[in-house]
Amino acid sequence: STHHLPLEGIRVVELAGLAPAPHCGLILADFGADVIRVDTVRGVRGDNITDGVPDPLSRSKRSLAVNLSEGHLSKYRSSPIST
């Protein structure tokens, strides 16, 4: 028998950088969600690897860095994300 996790097939985009969001994203990923962590290019949340030690809150997540500080990109902050 194949073991399926309850959130398989669900995609979550993690945009917030304060402590609760990465923890929630990690829990959702542990239950099978496809979590995509979005960081700023300035590294406000830091890198996935700090001082050679992987960030434990990045486990089971994909990640990308986006520059949302440019004026012409600010309109995308509240737009729906399609994949």
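How many bridges join E2 to E5? Six, and the two strands run parallel. Keep that pair in mind; the tour returns to it.

**Colour by confidence**

This is a predicted model. Colour the protein by pLDDT before selecting anything. The average is 76, and 63% of the residues score at least 70. Now pick out two elements. Helix H1, residues 20–30, has the highest mean pLDDT among the elements, at 92. Strand E3, residues 49–50, has the lowest, at 52. Where pLDDT is low, the predicted coordinates should not be read in detail.

**Select the sheet**

Show E1, E2 and E5 together. These three strands form an open sheet, in the order E1-E2-E5, with parallel pairing. E1 and E5 (61–66) stand at the edges; each has a single partner strand, so one side of each is left without a neighbour in the sheet. Neighbouring strands are turned by 25 degrees against each other on average, direction ignored.

Next, bring back H1. The helix lies across E1, E2 and E5. Its direction is at about 165 degrees to E1.

**Walk the pairings**

Start on the E1 side. Four bridges join E1 to E2, and these strands run parallel. Select valine 13: its bridge partner in E2 is isoleucine 36.

Cross to the E5 side, with its six bridges to E2. Select arginine 37, whose bridge partner in E5 is serine 63. Then select threonine 40, which stands opposite valine 66 in E5.

**Zoom in on arginine 37**

Stay on E2. The strand is mostly covered, with five of its seven residues buried. Arginine 37 lies in this strand, residues 34–40. Is arginine 37 buried or exposed? Its relative accessibility is 1%, so arginine 37 counts as buried.

Show its side chain and that of serine 58. The two make a polar contact of 2.2 Å. The C-alpha atoms of arginine 37 and alanine 16 are separated by 8.8 Å. Along the chain, these residues are 21 residues apart.

**Finish at glutamate 14**

Return to E1, residues 11–14, and select glutamate 14. With a relative accessible area of 4%, glutamate 14 falls under the 20% cut-off, and therefore it is buried. Which side chain does a polar contact join to that of glutamate 14? Display lysine 61: the contact between the two side chains is 2.7 Å.

Note on methods. Residues numbered from 1 in each chain as written. Predicted model: local features only at pLDDT ≥ 70, side-chain atom pairs only at ≥ 80, totals over all residues. Heavy atoms only, no water. Buried < 20%, exposed > 50% of the residue type's maximum accessible area, 1.4 Å probe, protein only. Polar contact = N/O pair within 3.5 Å; in protein donor to acceptor, adjacent residues only side chain to side chain. pLDDT = per-residue confidence, 0-100. Pairing = 2+ DSSP bridges. Axes fitted to C-alpha atoms, helices over the stretch in contact; angles between N-to-C directions. Contact = heavy atoms within 4.5 Å.
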